[in-house]
Amino acid sequence: MAKQIKAIRGMHDILPQQSEIWQRIEQTALELFRAYGYNEIRMPLVEKTDLFKRSIGEVTDIVEKEMYTFEDRNGDSLSLRPEGTASCVRAGIEHGLLYNQIQRLWYNGPMFRHERPQRGRYRQFHQIGVETFGMAGPEIEFELISLSARLWQAIGLQDIRLELNTLGSADERKVYRDRLVDYFSRYIDKLDEDSQRRLHSNPLRILDSKNPAMQELIEAAPVLMEHLGEDSRRHFERLCALLDQVGIAYQVNTRLVRGLDYYSHTVFEWITDSLGAQGTICAGGRYDSLVEMLGGKATSAAGFALGMERLVELITESGQQPNGDAAHAYLVLVGDTATSQGLVLAERCRASLPGLRLIGNCAGGSFKAQFKRADRSGAQLALLIGDDELAAGIVGIKYLRDKKEQSEVKQENLIDFLAQQFGLDFLEK
Ligand code: ATP
Ligand code: MG
């Protein structure tokens, strides 16, 4: 036997049993996006490396050590996208969607980061992302948070909490950054290696450190919230007031900074304690400076991205069963003529009943073997056509889940029978 080739470390197959949960989340999100007036955008998986260097920032973990970067055959430096925001902004500028306009966009797809694979952290993972443009106030942040809260509710998640912070305007952040560098410089010996490296390149990220040895120092660090100007404070207060009014609970976490260079004002994370260290399910905020950084006209922007793998794991953990999209019926067919006629009949049923889930037996086998397949498929009914049924013009009906006597219907009545049995609507003529 030839040697087996395995998937790449950190990149996973999503098998049929799991994909049902994925589809349910995606479907629910899609319906919510429609309800809130968001439109889908699809971007390429590969972009010029410079796009991410310029947007995410050269001194971030993502760009420094996590990107899948390669030269293509023309010698251009390309990267697999590590996130969707940069591509979305690039596309928006390129196609004139952003200037002087209001946009509500969403996307869904794989992202790539060369991280150390562990629970909730993979090298190919999937995000549903939402980006909005042209809205400067806290109202849109409120909408984004409400939308995400509604999604958790719709898919039945409870064990998840909201943390919120404000980073103020770009200017305020700059002043604060200097203050922070002053502070941490005084304790340079106590900084771990990562934090020393970040001290001058990305000092806010030090606040994000998970290292227990650093926590005391971080606790005592200056707090940005206390250095905000009047406008920024009002912006944040208004957001909090709106959340209060609809009863969305939150904790203000003054250490929540998000790693990326492009955030300002509101940042938020939805976090669970059920998944161990990788507890952030969804993260987002305002990034007013990004459009200009990428060559567009200054445009307000805010969005979030949720990690599908972590969400799926949380749903699986909570013991929710898949909804069960098992087949309605499995068509058992024995003999060549019965098989041909049965498959043609099946096509007629599908044409008339668009909601019908019907599996036709295509792999031969005895009655017994086929009933086994029917049972394993999860179908409610086995529909049976062999020589006898063929001669009599009928279809045998065997109930696989209910204690009901086997019965039969005339072939010409099968469509009506299935419609009634499963409450299916006929195709509108
Ligand atoms: P973390 O602090 O966990 O590394 P992050 O700040 O790098 O997260 P973002 O870039 O904000 O994450 O991505 C948004 C969401 O995407 C995260 O909250 C998480 O749910 C998910 N995510 C990020 N990186 C990964 C990964 N390597 N594997 C699985 N999910 C991920
Ligand atoms: Mg990360």
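This is a predicted model: local features need pLDDT of at least 70, side-chain atom pairs count only at pLDDT 80 or more; totals for chains, interfaces and linings use all residues.

Residues are numbered from 1 along each chain as its sequence is written, chains are lettered from A and ligands numbered from 1 in the order in which they are written, and side-chain values use heavy atoms, with hydrogens and water left out.

Start by selecting ligand 1. It has 15 residues around it, the closest being Arg113, Glu115, Arg121, Arg258 and Thr280 (near means a heavy atom within 4 Å).

Now show Glu115: a polar atom of its side chain sits 2.6 Å from a nitrogen atom of ligand 1. Next, pick Thr280, where a polar backbone atom is 2.8 Å from an oxygen atom of the ligand. Then go to Ile281, which has a backbone N or O atom 3.2 Å from an oxygen atom of ligand 1.

Colour strand E10 (280-286). E10 supplies the largest share of the shell around ligand 1, four residues (strands are DSSP runs of at least two residues, numbered from the N terminus).

Last stop: select Leu45, Val46 and Phe70, a nonpolar surface patch with about 210 Å² of accessible area together (Shrake-Rupley method, 1.4 Å probe, only the protein chains shown counting as cover; patch residues have over 30% relative accessible area and no salt bridge, and nonpolar side chains (Val, Leu, Ile, Met, Phe, Trp, Tyr) are joined within 5 Å; a salt bridge is a side-chain nitrogen of Lys or Arg within 4 Å of a carboxyl oxygen of Asp or Glu). Val46 belongs to strand E2 (residues 46-48).

How values were computed:
Patches are made of residues with over 30% relative accessible area and no salt bridge: like charges are joined within 9 Å, nonpolar side chains (Val, Leu, Ile, Met, Phe, Trp, Tyr) within 5 Å. A polar contact is a pair of N or O atoms within 3.5 Å; within protein, one must be able to donate a hydrogen and the other to accept it, and residues adjacent in sequence count only if both atoms are side-chain atoms.
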